[in-house]
Amino acid sequence: MRTLVLGAGVVGVAAAYYLARAGHQVTVVERRAGPGLETSFANGGQIAANHSEPWANPGTPAKVLKWLGRADAPILFRLRADPRLWAWVFRFLGNCTARRARINTERLTRVSLYSRAALGELRAETGIQYDQRTQGILHIYRDPREYEHALAQAEMVRPLGCVRQALDAAGCVGVEPALAGARDTLAGGLYCPDDESGDAYTFTARLAEICAGQGVEFRYGTTVERLRADGDRVTGADTDGGTLTADATVLALGSYSPFLTRPLGITLPVYPAKGYSVTIPVERPEGAPEVGLLDDERKLVYSRLGQRLRVAGTAEFAGYDTAVTESRVRSILNSALELFPDCGDAAKAEFWAGLRPMTPDNVPVIGRTRYANLILNTGHGTLGWTMACGSGRIVADLVSGRTPEIDLEGLGVERFG
Ligand SMILES: Cc1cc2nc3c(=O)[nH]c(=O)nc-3n(C[C@H](O)[C@H](O)[C@H](O)COP(=O)(O)OP(=O)(O)OC[C@H]3O[C@@H](n4cnc5c(N)ncnc54)[C@H](O)[C@@H]3O)c2cc1C
């Protein structure tokens, strides 16, 4: 089947890989000069399947209020006269109940565990290298109350298949010796031995090369302007380089997806949540962590990517602005240096900002629409790298007319009414 994949982020390229593998003729359309140059470029690098939890939970509204006005607030709403943002916030608050958080955690975990396994298989199939590490991810806590809460949460997600091993401060240092200097500040940790990390950009770029070798056509520097529909089918897309026709179209435009679906009458509540990363060149390997880390209280993740340490996190709801705010990245850098003072040359650190495509329930939108051959693959929010391979496999199954290997309950756009 002739299939268009719109967007060459990690989500679009992974879908292209599985579509080509299923025998389809695939064209990927991307406005940038290459793959993975927007949100998939310098993210936190974690395949955090065991931490597939929505930001929308009962504790978040009070925390956001507490952080108001702080330059280093882990979550910051720059409220502005944007009706899409207000509608999104309203829906987000509706998901901050214990019941909704439980439902959304199950949906996220279902996709993430499936996706992590798919990534492992893809690695074995292709031999792809992307500074990956498979030593697990350690979640660290300083506040004993937060740690107690995390332990209770770990019990709650155990039946979903999540493995989180409780560790005291000494146990944390045992897993990651570079934490030795911070030992006295730690209340405890949760170790997820099956989780992974790796450079999402390198993965996306190399997978795109593999796809090209399998016959996938990449049209870079091409902007999609609108989708073309005829009755209950999408016939293709108008781009600034002409009209492309296809039997099936997969929409994977990250935070920009709603602009293409709206003219077709499909309202996608995907809104950008800006996040930042700091990449520090590692100079003393023993001073930087090797195991992936999650500092849950500060909403920061640490991934060792070869000779670099990537530290990423925080969220800012500020529209589509991707400017790097100095105070926000400095605060991330300072947190990293507090934990790992000798990790590398901070003066050479690189700063970056990207827009997470967030749905208000934090669950991605994967599935068919009222247009039988238009498939959505977007809204992966905080976990797009974690969920890319699984989402791509689902998309390939849908285009091929096969039943996906996991239940799609609660993943479709229809859940938003
Ligand atoms: C600071 C930060 C840290 C993160 N850390 C992690 C992490 O540790 N683990 C994890 O799993 N996830 C993480 N994420 C989330 C993850 O990066 C995203 O969910 C993921 O990159 C989204 O991929 P995507 O392909 O949907 O979007 P994108 O990578 O943004 O790709 C969409 C593509 O569509 C193209 N496009 C848009 N509009 C058009 C158009 N009209 N025409 C043509 N092309 C168009 C864009 O140029 C872009 O290349 C993090 C995100 C941030 C910001």
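Helices (H or I, at least four residues) and strands (E, at least two) are DSSP runs, numbered from the N terminus. The model is predicted: local features need pLDDT of at least 70, side-chain atom pairs count only at pLDDT 80 or more, and totals for chains, interfaces and linings use all residues. Residues are numbered from 1 along each chain as its sequence is written, and side-chain values use heavy atoms, with hydrogens and water left out.

- E53 lies in the loop between β3 (46–47) and α2 (60–67).
- E53 counts as buried because its relative accessibility is 17%; buried means under 20% relative accessible area, exposed over 50%, and partly exposed in between (1.4 Å probe, protein chains only).
- The side chains of E53 and R164 are joined by a polar contact of 2.6 Å. A polar contact is a pair of N or O atoms within 3.5 Å; within protein, one must be able to donate a hydrogen and the other to accept it, and residues adjacent in sequence count only if both atoms are side-chain atoms.
- Leaving aside residues up to four places away in sequence, E53 touches T105, L108, Q153, V157 and R164, where contact means heavy atoms within 4.5 Å.

**Cysteines**

- The structure contains zero disulfides, a disulfide being a pair of cysteine sulfur atoms within 2.5 Å.
- The closest cysteine sulfur to that of C172 belongs to C192 and is 11 Å away, too far for a bond.
- C172 is buried, at 0% relative accessibility.
- C389 is likewise in no disulfide, and its nearest cysteine sulfur, in C211, is 10 Å away.
- C389 is buried, with a relative accessible area of 2%.

**Packing against helix α10**

- Two packed helices are described by the angle between their axes and the distance between the axes. Axes are lines fitted to C-alpha atoms, for helices over the stretch in contact, and angles run from 0 to 180 degrees between N-to-C directions.
- Helix α1 (residues 10–21) and helix α10 (residues 384–399) have axes that come within 7 Å and cross at roughly 40°. The two helices are therefore oblique to each other; angles under 35 degrees count as roughly parallel, over 145 as roughly antiparallel, 65 to 115 as roughly perpendicular and the rest as oblique.
- Residues of α1 in this contact include V10, A14 and Y18, and those of α10 include W385, C389 and R393.
- Helix α4 (residues 98–126) packs on α10 at about 85°, with the axes 6 Å apart. This makes α4 roughly perpendicular to α10.
- Among the residues making that contact are L108, Y114 and L122 of α4 and M387, C389 and I394 of α10.
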